[in-house]
Each structure stands twice: as structure tokens, then as C-alpha cells.
Amino acid sequence: MSITQRIKEDVGGRWMLSILAIAIVWVPFANLVIPNDSAMYVSTYTVTLLGKYVCFALLAISLDLVWGYCGILSLGHGAFFALGGYSMGMYLMRQIGERGVYGHPELPDFMVFLNWESLPWYWLGFDMFWFAMVMVMVAPGVLAFVFGWFAFRSRVSGVYLSIMTQALTYALMLAFFRNEMGFGGNNGLTDFKEILGFSLQSDSTRIVLFIISIVMLAFGYILCRLIVTSKLGRVVTAVREAQSRTRFIGYRVEHFQIWIFTVSAMLAGIAGALYVPQVGIINPGEFQPLNSIELVVWVAVGGRGTLYGAALGAGIVNYAKTTMTGAFPEIWLFALGALFVIVTLVFPKGIVGFLQRLKYRAYDDG
Amino acid sequence: MGRFGHTPYSQSRPTGCTLAPHRQLTRWLFQLGIVCLLIAPMQAFCLDEFQAAIDALKTKSYEEKTTAAVALAKINHPKVLDVLNAFLNGNLYKQKKTNKLVFAQKLEGGGFAISDPTTGVSLGEVRRRHVSKIGINNRLRRTVRGLVAGLKLNQPEPEGRIAAARSIAASGVAELQSVLETQREKETEPKVIEALDTAIVVFNLDAQDEVIRLNAIEKSAKNLDGQVRIKLTAIALDKDMSEDLRIAAEKSLHAIERAVSRYKFIETLFFGLSLGSVLVLAAIGLSITFGVMGVINMAHGELIMIGAYTTYVVQLLMPNHPELSLIIAIPAAFIVSGLVGIVIERCVIQFLYGRPLETLLATFGISLILQQAVRSIFSPLNRSVASPDWMTGSIEIAHGLSFTLNRLYILVFALFVFAGLLLVLQRTRLGLEVRAVTQNRAMARAMGIRSARVDVMTFGLGAGIAGVAGVALSQLTNVGPNLGQGYIVDSFLVVVFGGVGNLWGTMVAGLLLGVMNKFLEPVAGAVVAKILILFFIILFIQKRPRGLFPQRGRSGES
């Protein structure tokens, strides 16, 4: 099957890509061209917010790849997201240069504050954009590979694996909270000034970041779609359905698992890297187990095993979160909790599954 | 003095009427007269001596003040202690007009209420500039404290005597050594004898006589008193000392070091077991529900929190009986958390059996709701639960080694809960059914066990145990909406590490992790220790995916 053919058969994906195509044209136009007082104007704040959702959608897709198609419920995907974010944050920190509060040409402010003499070795090279971008994928990728190497080869699966991934992100959170780690401790990395010489505060930079986020989301989606529709994707789905049987047929299950887990972690890292310049901060809070579990809910709400459903879920839940935490902060946790319960009890296939059921029912009636 | 002449006659009238032999009466009267004759001037003399001694404190020189204070402490007068205490607390002043020593209490307006030190009679109020303070410095303060302690050495409570002996040793006033030795001879309380001996050793370590000193050094081996160690270190480092003394001091110091490190070890072990017992309490309920139903109950931490809040509410309802309320809180928390657990099972989990990952999500949602509910009802602030008297403080196992009582009780409590649960699972009908369902649900059902009922009961039991764990936790930390969250990751790791569905495994794993954590902490720091433990467990699970004690048989396959 050719690539175009595979995309053509994917109805939900076509919808999603069309929406992204509209957004990529409309949002910059509405922000830059339409005058401020018009009802159609989209403020820069909204652009940033939308950009954030797009990053979350990419993250959700990366989780759906492993959970929806391979049956690996990772409760630590936030760790990969955060590692990508930290890689980007380190580049942005190095870009600050002498404009920091202490005016040190090389060391970020928090290192000067801690009386460090020189950059730790793992900060070297992050002044180069290309290196940082490579690390955005390599850092989470290597972690996922090593973790998967240990976990999948010894056939840890199901609930055990979920708990282990949760422990992983919890341990990383504790580690990144330490000042001695050299990642800014509690405060994380912030006060960014510019990216590749463009000021992060200017509207045009924000628009460009938004466009890049959408492009990456579309790229990530197509990549995942190609993976799951390829022969390899079929094997991965077989692993989800019957791990032992796949093994007995002769496939090295753990190789597929490690591979898909690593790819997914890299995508999550890219999402994190796009997220950081838009929100302007990365701190150890991103490693919280709660964040990773919330991420699982996005996917569950949207409908797992569909990819576009994950993106939809990320968008809807986060939009609800933004409006509700603003309007009724007390209610938000009740609502989120209820959402968890209702989705698992009533809509086990999420919104997409629900819509499909409606469609089939209409089909049957018709 | 008026007593002379007056007493005999007033006494003689009634006695005169008795039939006692006349000569004996006259002798008795004579003796009485002599005694009175002697007492009166002696009293007068004592008073003068006392007055002279306290007047001596008025000097500017601290050297002379020290001598005066030591002299004062030797006088047998009821007010000596008061004067020394006032001196220590900076309440001893000189009235400038009369040049007399007075007790002065600072008043709000800036003036002073003064009183006579001998009689205690109030002398009215004076302005600040009419009195001047009898100054005291740290060195003198230490001396005076020792003197006061010397006077207190014969008080009835043994704790007071021990404290007195310790502060005498710290004061270093050589004159007090004899006081210690006299007390040592008549003392019967073993703990006080130990304290007195230590104090005497401290003095003897400074003795001029080499033999006494050497003897004291040898005696001081294994004595963990801080003073002793300071003195020994000084001797060991002093180049002017004789070789023998220095070597002996080194030896004693080594012995002390060994004792200290042994106690450190025991203490760390205790703290580790204490932490482990908390982990066991938190994890054991989870172990049952996880083992029997394969259900990941992410709301388990919140059930613990509900137990802790139940303790808080019970205490609110009966504020005057902290002891009783804690005892009542244990069954109350069991029931409240158990009921919440049963509701959760009936409303949500029963629809999700066989889908462990979905249960994980749903129960996580429940945990968020419970947290927010508690936050709305009780406010997000932390509440503190009072501890009963018998749980506060610590028990001294040996000098320099003591266990905090609340941790000790919780350790014992955890063992009790564990034993009780084991009893329920091994000796009751419910336990039998639970074990049957754990091992093979389908077969158990075929044998006529109503597995749905077992599920409800098991979930209630596990949730109830979580509530009981909450009672224990309320004695260690503040009670807040996030109380449970901190334990959920840890408890899961304990269960997974120990082997699912295995109570002994949970027990061993919890205690082991607690002890490991506490032994790593001093080496690596608290956070790094925690991270190391997490990575250790992650690696361990790779090696033995079914935990320390895996279930055997068909149920282990899945």
C-alpha cells in the first residue's frame, strides 16, 4: 500500500489534518492581519495557548502509539516530555548569555548563584542549536531504550510495567528537584530571551513557533499512522492482543516493544521541546506522576488506538481545564476525577468510539 | 533574743503540775535553756554570715563574685537557693540609695518591683536608675548553675537529682566534688548512681593526682557522656600530659567511639524499621486488594487519608480524652474507610474486573474526587492530631540511645495489624474464600464460592486496613488532603517488590525498604537515597518480575 493510499483510508486522520491545515493558515492571519478590535482577531495569548494544546496533542499521540497499539500503559511518559523540554531549555538558557541577572557570559544565573566555577560537562554543546535539537530526541530516546531493554527483555508487562514507569518519573522528579543536579533545582529553567536570535516575546516568533508545532504534530501523526499501518505495526498490534502467541509464532516481541517505546519517547521529547519556548519555563513539576496520569486520561477520553482520538482528547480536556480552573478552581478536580470514572465505565473507547457507535447505529437503521 | 526566758517559763507551768520527779524536771528545763542559749546566737551568726556572703556579691570583679557565690552556697540558710537563682536569672540588683542587695522584677512601665532577699518583704517600686544589676557572665553562670545543682542534689525526684549531677559536672566547680561523693554514698537509685559516677569521673579526669586521673580515664571507657568525651579528647591531645595518660585516654576514646557507632547502628535500624512499619501499614491493604482482585487501587492513599481524618474528627468530638479518642479512632477509621471502599467497589470497580489498566484510571479519578472533597470539607490546610501522653517523649534504652515512643508504638501496632490480618486470612471462613479466589477465581466459583461477595468483603477489608494505617500516620505527620498521595507510589513498590498477594512478602519488603532507606540516607542524603531505592526496585523487578516471593502454581502464570 502506498503512503497516500494509507492516508486516504484514514477518515479521522483526514479530518484532523484538514483542521490543522485550516489552523496553520487562519490563526497567523487572524493574529497578524486582522485588527485588534475585530471580533475575528486572535490574541497572541490565545495563539500561545493553542500552541500548548498542539504540543499536548503530539504528546498524547506518542502515548497512544504505545498504549493504544502495543498495550504498554506508560505512566511515565511525562518524563520523556520533560527531558525533551529540558534539552530545549538548556539551549535557551545558553542563549541568554550575558543578559542574565548576574551577567556571567557563560554560566546560567542559578549556577552563578550556587557559586559554580564552570559549566558541568553535560551542559557542553547546548549552545549549538542543532546539538540541542539532536538531544531533544536522543535524551528521551536513550532513557526509553535503556528502560525498555531492561523491562521488556525480562518480560515485565501490564500493571507491573505501569508501576515501574511511574517509579521512573517519580525518581527523575526527585532528582531534578535537587540543586546539585545542575538543572536549576526547584525553579527549573526560565527567563528565556531568544531562540536562534529571534525574541521569544515578539508576536511573530510566537506565530512561527505555533506553525512549527502544527507541522510537527502533522508529521508525528503521519509517522505514527505509517508505523501502525505497516507490517511492523501489524506485529505490534498482535503483541497487544496476544503477547505469548506472537512470541510463539516466532517474533521477538521485546524488540518490537523496545523499538516502539523508544520512538514514542522521542516524539514525546519533541513535544516537550516545542512546549518549553511557548510557555517560557520548564521545571521538575513536569515529572510529577500526576501529569503522566493526566496524559493517560487525555488519550482515554479521546479514544485510544486511533491516534487522532488522542489528539482530540488532549485538546478537549486541556480546553476544559483552562476554562474550569479559571472559572471554578474548586470544581476542576471533581470534574477531572468524574471524567476518569465516566470515561472508563461508560465510554471505554472514548469520544471517537462513541461517535463511531452512533455512526454504525445510523448505518444499521438506514 | 526573746525566746530565751520566755520559752522555759511558758513551758514550765503545765509541766510543773505533773507528777514527774522534781529533779528530773529541773534538769530538763536546764537542758532546754542551754539549747536555746546556743541556738539563738548561732542563728544570729548565720544570718550575719548570710548577709555578709550576699553583700560580697556586690563587687565588680568576677573573680571575687565567684568566690562569694561559692562561699554563699556553703551557708546553711533557706534563702541561699533563691539568691543564687535570682543571680542566675539576672534578677539580683543593688539598690543605690541603701547600698543593699535586692531582688528586682522588671515591671511593664520600665520600673522595678524590689523585695528584700532575706525576708522576702516587698520594698515597693523604684525607677530603673535607682538600682544597678549584679552582672553575671557565662563562665560565672556555669559555676552558679553548678552551685544551684549542688543544693538541689537532695531533692526527692530521681530525675531532678540526675539533672543536678549533670549540671554539676558541666559547671566544673571543684568544691562540689565532695557534695557529689556524699550523695553517691547514700544514693540508692541506680540511674542516679550512674549519673553521679559520671559526674565524679568528670571531676577526676581533671585531678592533679596521676593515679586518680588514670583510674578515671580507664573508668570512662564506654561512658557516652559529652563532658567525659571532651575531657578525654583534651587529655589525648595535650602534649604536656604523660605518655601513660595520653595512651589510656586514646584507648578509652576508641572504646567510646565503638559504643557510639554501635548505638548509631541500632538507632538507624530502629528508624528504618519504623519507616518500614509505616510502609507495611500503608501497603498491606493494597496487597490484599491487588492480590485477590488484580485491581490497581490508586485511591488507596486517599483511604489512608480518610482514616487519618477520621482520627481528627473523633478527636474533635471528644477533645478532653486524647487517649480514649485514639483508641476509638482505630475501629472508627476501619469502618469509615471500609465503607468508602465498599462503595467504591460497588459503584465502579465491579464493572471493571479483568481490565486492570482501566481500574487504575477509574480509581485514580476517585482519588482526585476524594482529595478535593476533603479539601472542600476540611479546608486545604493541614490539621494536627494530638498525641496521648503515653505516646509522646522517648524511652532511654541506655545512656545515649533512646527510642521515640510514638514510633515504637507504631512499629508494634503494625505488627499487631499484620498478625490480625494473617489470622483473618488463615483462620476464618472469609480468609479461606479469599485465598481460594486469589488462587483461581474460576475454580473457586465452581466450588460454590460467591466470588462477588468475596470481592466486596476483600475490598472493604483492604480499605479498612488503609484507614487503620491512617490512624497510625496521624500520629507521625500532620493530616492533610495530600497525605495519601505521598504513600501511593511507595506502597505499590512495596507490594510489587514483595510479590503480589503475599502478606509475608509485603511485610519483608516494607521493612527491608525502610531499613535500606535509613541506612543509605546518611551516606547519600535523603533524596538520593530515595532515588537509589527506586532504581534498585526497578532493576530488581527486571530480574524477578514477580517480586521477592512469587506466587507459585497456575495463578502465577497469567
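**Where the chains meet**

Modeller: The contact takes 37 residues from chain A and 34 residues from chain B, where two residues are in contact if their C-beta atoms, placed from the backbone, lie within 7 Å.

Biologist: Which element gives the largest share of the side of chain A that touches chain B?
Modeller: That is α7(A), with 13 residues. Helices here are DSSP runs (H or I) of at least four residues and strands are runs (E) of at least two, numbered from the N terminus.

Biologist: And how does that side of chain A split by class?
Modeller: It has 28 nonpolar, 6 polar and 3 charged residues. Ala, Val, Leu, Ile, Met, Phe, Trp, Tyr, Cys and Pro count as nonpolar, Asp, Glu, Lys and Arg as charged, and the others, Gly among them, as polar.

Biologist: Before we go on, what am I looking at?
Modeller: This is a predicted model: local features need pLDDT of at least 70, side-chain atom pairs count only at pLDDT 80 or more, and totals for chains, interfaces and linings use all residues. Residues are numbered from 1 along each chain as its sequence is written, while chains are lettered from A and ligands numbered from 1 in the order in which they are written.

Biologist: What are the scores for the model, and for chain B?
Modeller: The model has ipTM 0.83 and pTM 0.76.

Biologist: New topic: which strands form the open sheet in chain B?
Modeller: Five of them, in the order β4-β3-β2-β1-β5, with antiparallel pairing. Two strands pair if DSSP finds at least two bridges between them. The edge strands are β4 (122-126) and β5 (131-133) of chain B, each pairing on one side only.

Biologist: How many bridges link β1 and β5(B)?
Modeller: Strand β1 (residues 92-95) of chain B and β5(B) pair over 3 bridges. Tyr93(B) stands opposite Lys133(B) there.

Biologist: Last one: where is Tyr353(B)?
Modeller: Tyr353(B) is in the loop between α13 (322-347) and α14 (356-378) of chain B.

Biologist: Why does Tyr353(B) count as partly exposed?
Modeller: Because Tyr353(B) has 16 C-beta neighbours inside 10 Å; a residue is buried with 20 or more other C-beta atoms within 10 Å of its own, exposed with 12 or fewer, and partly exposed in between, with C-beta atoms placed from the backbone.
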